[in-house]
Amino acid sequence: MAEAVAKKKHKYGLKEISKRLLEISKGQKGFIAFATVASIVGNLSQMGLMGFGAAFILSCAGKLDAGSPVAWGIVMAICAVLIGVMRYIEGFASHVAAYNLLAGMRTRFFNSLRKLSPAIMTEKETGDIVSIAIGDIDTIESFFAHTIGPMFTVIILPVAALIIAGFVHPVYVLTLIPIYLITSVIIPLAGMKAGRNIGSAYRKSLGGLKSFILESVFGLKDVQIYGQGKVRSREVVEKSNALNKIDHKKTIHRQLISALPTFFVYMARIMIIFLVFALVIRDPAKINGVIVLSFVVSASFSSTQSLISVVSSLTDTFAAAERVFDITDREPAVVEKEGADVLTNGKEVTWQDVCFSYGDKDIFKNVNVDIAPGDKVGIVGESGIGKSTFLRLLLRFWDPDSGSIKVGGKMIKDVSLKSLRDNIAMVEQTAFVYEATVAENIAIGVPEASIDDIKTAAKRAGISNVIERLPKGYETQLGEYGINLSGGEVQRLGIARALLKNPDIIVMDEPTSNLDVFNEKQIIRTLQEEFRDKIIIIVSHRRSTLTFCNKIFRVVEKNISPVADLK
Amino acid sequence: MLHINKTLIRMSKGFRGWIFVIAALKIAVLVGITMFANAIGTILGQLYERGAGDVDFTTLIARSFIASVIMLVGELLIGEVEHICTAKARVSIRSEIFSKLLELDVKDVSRIGATNTINSSVDGVELIQMYYNRYIPGLIYSVAAPIYTFFALMNKCLPAAILLLVVSLVVTPLNNIFRNKIDKLKSDYWTGMNNLSSYYVEGIKGMTTTEVYNRGDDREAELNKRANFVSRIIIRIMQLNFSSIGLSELIMNLSIFAAVAICGGQLLAGSIALPSALTVLMLSFGFFGSIRHLQWIEHEAIQGIAAAGKIAEVLDVDTKREISPDRSKKNDFAGISLENVTFSYDNENDILKGVDIQIPQNATVALAGESGCGKSTVVNMLLRFYDTKTGRITIDGRDYMSIAPEDLRKEIIMVPQQVYIFSGNIRDNLLMADDSAGDEKLLSVLDQVKLGDWVRSLSEGLDTNVGDAGSKLSGGQRQKIGIARAILSDAPYIVFDESTSSVDEDSEREIWECIKGLGKTRTLIIISHRLSTIRNADCIYVLEDGKVTEKGDHNTLMKNNGIYSRLVTQQNELEESAVLGGGQVG
C-alpha cells in the first residue's frame, strides 16, 4: 500500500530517469569514457598500492619467495604515481563532460519552454521555472560527473578483487559476493528509494518558507504599517522548526546510508580474518596470499565509498531530473506545418465555426467572426470567459479543435508562425520591459531599425519627451538595475513597439487595466490618432477604453456575438 | 586551505559547543579505525611469528569488533549532532536576519535587491550550515587526526610516523599555489551565473512578447552563449582544482610508499617486527583520510562564506531609529504639523526644502503637484519611514522623534498605491489591522468599502482564499481591502497615497465615495495626481520642487491662476477631448 502511494507520487521511476540521463550523457561520451577508464585505473592502482605494499613488506621480512623487495617496491611506487595522475584526469574529464552537458540542457530547456509558452507561464510561476533551469539542472552535475564513473568501478573493482580471491581460495569468493552485493547494490538502491520522499518533502518545506519570506519583503510596507513584524517572526520560527523536523529525517537517512556500508565492510574484514585463520591452520603455505588479499579487499571498497557518498546527493539529482523532464516531455501546443506558406498581409480576419476547449472546459463553440480592414474591435465579457483566448488563438498560441481562422485570406494553420506574427503586433496588459536601452526596447520587433525610425515611433506614441528627459536619452538602460518607468509610460513604450513594427493588425489585451482614468484617456487618444487604418482588436473590461471602437463583440457562454449597446 | 569567516564565527554563538562535539566524535571514530588496524595487523603478524595456534585470536577479534561498533555509533552520533547544530543555527540565524529584514526601509531593500535579501535568508542560511557542521569540524579534525595517528604509529616505526606527519601538515598549505587563480575565476563564475539566471528570468517573463515579435531564436542563441560561458569558466576552475587534488594525491601516495619503504628497510635490518610494518601500511592510508575529506568539503565552505557575505550585507544595515522622549517640547496644534522640514535621501540633494504643512484634526488635506515634486516623500515622513533632516513634525502636539515608529503607526495609517495582499484568506488580510475583530465587524467594514455583498455571495465568505499574494483579486478589490484595513485599525489619521491610480472607473468612484464618508470621522491626507478627485479637500497644498508654492481650497487656488489652476485646466481638456473624439459605440 505504502509502496503504491509512493509510486504514484513520482511520475518517473528511478530506472527510467537513470536511462534518460545516460541517454543525454551520450553527447559527451568521449570525455565520459576517458574519465571512467581513468577512474578504473586509479582505483585499481589504489588496490595495487595496498596489495603490492603488503607483498613488499612480506618480501622484506623474508616471508615471500616470489619477486624481490625492489620489484615489489617499484610496482608500488608506480601505483602511487598513477593514483595522482588518474585522479586529475578523471576529475577534469568528467567535469568537462558534465558542464558541457548542463549548458546544452539549459538551452534545450529554454527551447521547450518556448514551445510551451504561454500556457506554461500560467501554470507555473517564473520563480519555479527559473529554479529548475538554474538550480535543478546544476544538481544533475553530480550524476554526470560523480555517478557514471563509480557505477563502472563499483562493478570492476570487486570483480578484480574476486579474481584475486579465486586464486587464493574459492571460499573467499563465496564470502565476498554477498558483502559486495549488500554494500554496493542493496544499500545504495534502498537508500535512494527511501530518500526520494524525504528529499521532496524538504524541498517543499523550504519552498514554503521562501514564499513566506518573499511576501514579507514585498509587502514590507504593509507589514510595518500594521506592526505585523512580531507575528511574522513567530511564523518564521515555526516554519524553520518544521523544516528542522524534515531535516532530521534527512540527516538520519544520509548518516545511515554512509555508516552502514562502512560497518559491513569492517565486518567483512573480520570475517576474512576468520577465514585466513581457518585456512592457515589447514595449510600454512597459503599465508602470504591471504595477507595480500586482505589488503586488496579493503582497498576494493574504495569505489563503494565514493558511490555511497553520491547516493545522498543522487536523490536530489533524481528529483531535479524529474522536474526537468516533467516540463520537457509536454506536448507543444502548436506545430508548424512543413513547407508552410508565407502570410503577406493582415487586412482581414475571419473565424469560421471555430470550436476550442481548454482542459475539459469548452471555451468556444462554432464561433463566427468577421473583421474588415480598418475595423476597431472591442471584446467584452466576464473575466475568465475567454476574451484573451480569442487573441491567443489569433496569434496561434493554440489551435482550435475544429473550424478555421483566416488572416489576410489565408488559413493561419498553413502559414509559418514567423510570417503570421510579422503581421500582428501585440500590446499586453503591461508591456514587458527588457534589461536593455530604451532604443533596444522599442526596436524589439525590428532590431535593424534606424534611430530615426525609433524616435519617430516614440514621438507618435507620445513618449519622446519623457525619453529625452532621461539621463542618456534613448541609450538609457531600463529594467531592474536601470530606470523605472511609470505605468502609463510603459504602456506607451508598448505602443511605440507596435508602431515601429507597423503591421496590419494590432491586438491589445487589457492595455489600460493598470492605468488610472487619466492615463487611459491619453493612451486611447494616441490609438485613435495613430492607428487610423489598422485593424485593432482590443480586449478590455473597461467600457471607457472601448469608446472609439466601431464593432463590439461580447463573449458569452462559448459564443461571441456583436453588441449594439455597451450598457 | 583555511577559510575562517568572522561573520560566521560571530553568528555561531549559542551552538559553538556542538561544533566541537562533532570534531570530538570524528576523533572517536578515528580511535576506532586505529584500534581496528592495530588488531588486524597484530593478528596477521602473529600468524607469521607464532603460527596459527598461538594467536590471541579471541581478544583481537573482539577488539576489532568493538572498534567497528565504535565507528558505527560514532558516525551515527555525528549525524545527530550535525542535526542539532543545524537546527539551532537555522532558527537563531534566520530569526536574526528576518527581524533585521522587517526593520529595513524600502530604500534599503531596493539597494540590496529584494531577491538577494530573500535568497540570503532562505538559501543562504541553508548553505552556511555546511560550514558549521562540516567544514569547521573537518578543519579541526584535519589537524587533530594526523597528530593522533602519529602517536599511534610512533612506537611501530618512528621515522615513518614522522615522515607521514610532516607530509600531512605540509600538503594542505601547498595547495595555496592554485588558490589565487581559482578565486579570480570564481568571481567570474558568479558574475556569469548571475548573468545567465537574470537572462533566463527575463526570457521567461518576456516570453510572450519575445515570441510575438519573432525574437525567440535570437534570445535562445544568446542564452546558449551565456550558458557556454559559464561552463567554460567552471571547467577551467575544475581543471585547477583537480590539478591541486591530483598533486596532493601524488604527494600523499608517494609518502605512503616512502613510509612503507622505511619499514621495509627496518624489517631487513631486523629492527622492527612484521606486525608493526603491516599496521603502518594499514594506517598510512587513514593518515590522509582527514585531508581528503577536507578537500572534498572545501567548496561547501566557500559557498557558505559567499552566503555569509550576503547575510552580513543585510545584517550590517543600520536600522536604528532615534527615539528621544526628551524632545517633547510641546506645541498646542491639534493635528499634524510639518515645520520647516527638509529632507534628503542621499545627504546631497534636498528633496524637501523647508516644507510647512498643517493638517488639522478632522480635516481633509490634499497634496498636489507634478511627479517628482516631493509628494511621496512627505508621505514617507508622515509615516516615519524616514526622519527629517532639519525641522520637525508634531502630532497632536508631540514631537515625532519622541514616538517610536510602531507606536506612531497606531495613530497614522496609510493606504498605498498598491495595497499588498498576503496569501491566505480574506479574514487574515483584515485581521492584521485588528486581531480582535469578529465576523460581524469585518463584514460591516467590508460594507463600507462596497465589498460586503460580494464577500457574502462567496461560498466560503471571509474564508475565501485570495490566491498567491492576492492574485485572485482585481485591482479594485485589493485597494478596497486596503481601505478596509485602515478603517479597522482605528487610527485617527489616514493617508491615501495615489490609492486609486490602478483601478477601473467604477471602483474608483466607489472608493472615493467611501473616502468621502471616512472624512466625517477621521483626518485624511490625500495624494492624487488626478486633481478632480481632490477638489473637495478642505485645504490643498501644491508642491513644486520640494517647496509648498500654493495652498488653499480649490476655488481659491483656481483664482490664483498658478500651477494648480494650470494643471486642472490641462487635465480637464484632455478628459473632454478623449470623450468627444470617441467613435460611436455599437
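Reader: What makes up the area buried between chain A and chain B?
Author: That area is about 13,100 Å² in this predicted model, and carbon and sulfur atoms give 70% of it. Buried area is the accessible area (1.4 Å probe) that two parts lose on being put together, summed over both. The contact takes 145 residues from chain A and 142 residues from chain B, where contact means heavy atoms within 4.5 Å.

Reader: How are things numbered, and what gets counted?
Author: Residues run from 1 along each chain as its sequence is written, and chains are lettered from A and ligands numbered from 1 in the order written. The model is predicted, so local features need pLDDT of at least 70, side-chain atom pairs need 80 or more, and totals for chains, interfaces and linings use all residues, while side-chain values use heavy atoms, without hydrogens and water.

Reader: What confidence does the predictor give?
Author: The complex has an ipTM of 0.86 and a pTM of 0.81. Chain B averages a pLDDT of 87; pLDDT is the predictor's confidence in each residue, from 0 to 100. Over residues 578-586 of chain B, pLDDT stays under 50.

Reader: Why do Arg90(B) and Asp247(A) count as a salt bridge?
Author: The rule wants a side-chain nitrogen of Lys or Arg within 4 Å of a carboxyl oxygen of Asp or Glu. Their closest N and O atoms are 3.5 Å apart, so the pair qualifies. The rule finds seven salt bridges across the interface of chain A and chain B.

Reader: How many aromatic pairs are there over all chains?
Author: The count is 21. Rings of Phe, Tyr and Trp (its six-membered ring) pair if their centres lie within 6.5 Å; planes under 30 degrees apart are stacked, over 60 edge-to-face, the rest tilted.

Reader: What makes Trp351(A) and Phe390(A) a stacked pair?
Author: Their ring centres are 4.5 Å apart and their planes are at 20°, so the pair is stacked. Both residues are buried.

How values were computed. Buried means under 20% relative accessible area, exposed over 50%, partly exposed in between (1.4 Å probe, protein chains only).
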